[in-house]
Amino acid sequence: MTVHDNSPDLWRSTFPHPSAEGSKYDRGHAVVLGGPMAATGAARLAARAALRIGAGLVSIACDPASLIVYTTALQAVMTKVVRDEAAFTDLIADPRVTATLMGPAAGVNDRTRNLVLAALAARKACVLDADAITVFKDKPDELFGAIRSPVVLTPHTGEFARLFGEVSDREASALRAARTSGAVVLLKGRDTVIATPDGRVVVNRDAPPWLATAGSGDVLAGFATGLMAQGMAVFEAACAAAWIHAECARAFGPGLIAEDLEAEVPSLLRTLLR
């Protein structure tokens, strides 16, 4: 197994560059599954991160009960009412929808499980995080069998163990998980490991300690989703998202909360897009 350190040299050539002649639809439309009324913050953080990283449009798909929270808390991020699996399937069937994010505070329940399977059946780029991972802890093979499109799983070590067993060697464990699931696996931690089913392994080393704060993982998932929505390949998008995430935290420094991460993105993008 060959392990590479993450850096822009690995993915800069594929990083999305907006065209002066393009429209917002040329920059992709990401759909984020919203959580219930008592837990909307995670989806809001992720959706704003996807928009900030360059997706042309971002929508939160939410149930009617939580609509008021999302509509009053968000401006550029749109809201779409999704009452059931059929409505969600219709929403993401729109060819302008180019990526989905499932899981942040979505709830570990049948609704989340069914909507994750619907997202995977749509064969669009997809990020599965948090509850979208945990909800399959008793039937991981059901999830793995549904992965047939570009998918990245973004577990921390606890979520990883629910699908793949305990982490031993981080690089070897992430690679095993990628080969088992058929997805790119982004194993979060101080040294975040990104592994692919075909054997590529990259480590984003020495993330700053300020990232150990509530909601930072939701922002990371949003970054990856926003890049994938713009057409960036799933492995490169995962690597870029992990690097940008850490560099934003490093730039902000002590006192960081999750909401601060996206504010550091524009200056970082100015460097990457030169």
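A search of the whole structure finds 10 salt bridges, each a side-chain nitrogen of Lys or Arg within 4 Å of a carboxyl oxygen of Asp or Glu. This is a predicted model, where local features need pLDDT of at least 70, side-chain atom pairs count only at pLDDT 80 or more, and totals for chains, interfaces and linings use all residues. Residues are numbered from 1 along each chain as its sequence is written, and side-chain values use heavy atoms, leaving out hydrogens and water.

**Salt bridge**
- Asp5 and Arg205 meet through their side chains in a salt bridge (2.5 Å, N to O).
- Asp5 lies in strand E1 and Arg205 in the loop between strand E10 (201-204) and H9, so the pair ties together parts that are 200 residues apart in sequence.
- Helices (H or I, at least four residues) and strands (E, at least two) are DSSP runs, numbered from the N terminus.

**Sheet**
- An open sheet of 10 strands has the order E1-E10-E9-E8-E7-E6-E5-E2-E3-E4, with mixed pairing; two strands pair if DSSP finds at least two bridges between them.
- Strand E1 (3-5) and strand E4 (78-81) are the edges, and each pairs on one side only.
- Strands E5 (residues 97-102) and E6 (residues 125-128) run parallel, joined by 4 bridges.
- Thr100 stands opposite Cys126 in E6.

**Largest pocket**
- The lining has 21 residues; Lys188, Gly189, Leu211, Ser216 and His245 lie nearest the pocket's centre.
- A pocket is an open set of points on a 1 Å grid over the protein atoms alone, where a 1.4 Å probe fits, with protein on both sides within 12 Å along at least five of seven lines; lining residues have an atom within 4 Å of a point.
- Helix H9 (216-229) and helix H10 (234-252) each supply at least two lining residues.
- H9 gives the most, with 4 residues.
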